[in-house]
Amino acid sequence: MTSKFRQSFKVVDKALLRWFPGHMGKGMKQMQQKLKSVDCIIEVHDARIPLSGRNPDFKYSISGLKPHILVLNKMDLADLNYKQEVEEKIMREQKISKIIYTNCKNSLCPGVKQIMPTALSLIKGSNRYNRSENIDSRIMVIGVPNVGKSSLINSIRNTILGKKSAAPVGAVAGITRAVQHQIKVSHDPLVYVLDTPGVVSPTIKNVETGLKLALCATLQDHLVGEEIIADYLLYWFNKNNHFDYVSYLNCDEPTDDIRIVLAKAAIHRKSSIKYLNFDGSYIYRPDMQGMARNFLNAFRTGVFGKVLLDNDLL
């Protein structure tokens, strides 16, 4: 069945590969300056794209010789059948001390409870260099935008201290725009965490990596275009024989044409936009952008089930 679908995804505008706002460059410099004052790095990433889109600059510019924990968040949306393969590939190719899966929206998540003991154990077994005399431990949380860094800090703080949120969170990429002041997450032992802005690589290595990041909302939709992201989602579903979208979008059968898909869905849901015609009358056209947004939101909230967008990289 896949033979009738596209075997590769092409976009005309490659500008999204150069998306690197000024606050991200500033954030990377701030992180490097703070590095001497931290004992451990926690990198948060989306479990649906455990291999794609992680900023390679972190490995060379930020983590260095510090213990480095990779937290794969949003595990409730990810296909964990590939969990062992993912972990083996990451541990084989990169210097990661530990991989932990979490769902920060679940206050009882075992992974969240595992993070602090793991970090403290790694810090205890490491050479703290210029911080060996300090009684407190400091942890810096890093990652690309909108993967749950601030949510993770708040979950840890709430779990240990029973305190309310201290780091701002939001559903849109780029809420945290600078390295924050230290946030206390534990009294005994004394532990502080630094929240940092999401930083993507200055040059995303290929279009598909950029679109995976966009699909998981780590890039703001308007920077890429909702219809382009929706088209990539359609391409990925067809390529992987996931056809649940057919009934959701009221299609007759699987198709490779995003315009047909969005138009049929909009007509079925009576979702239209009113335009003024040249003769003064009004015409109604299907709200394609609105349906693209609806399609993306359905994916991002798990309507189509759990996925691993990086299955092709395994």
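## About the model

The structure is a predicted model, in which local features need pLDDT of at least 70 and side-chain atom pairs count only at pLDDT 80 or more, while totals for chains, interfaces and linings use all residues. Residues are numbered from 1 along each chain as its sequence is written, and side-chain values use heavy atoms, with hydrogens and water left out.

Let's begin with helix 6, residues 207–215. Helices here are DSSP runs of H or I with at least four residues, strands are E runs of at least two, and both are numbered from the N terminus. Because 8 of its 9 residues are buried, helix 6 is largely enclosed by the rest of the structure. Buried means under 20% relative accessible area, exposed over 50%, and partly exposed in between, with a 1.4 Å probe and protein chains only.

The buried residues include Val207, Lys212 and Leu215. Packing partners for the buried residues of this helix are helix 7 (221–224), helix 8 (226–239) and helix 11 (288–300). After helix 6 comes Ala217, with a positive phi near 65°.

Met75 sits in the loop between strand 2 (68–73) and helix 3 (83–93), and is partly exposed at 24% relative accessible area. Beyond its neighbours within four places in sequence, Met75 is in contact (heavy atoms within 4.5 Å) with Ala47, Leu80, Tyr101, Thr102 and Asn103. Asn146 belongs to the loop between strand 4 (137–143) and helix 5 (149–161); Asn146 is buried, with a relative accessible area of 14%.
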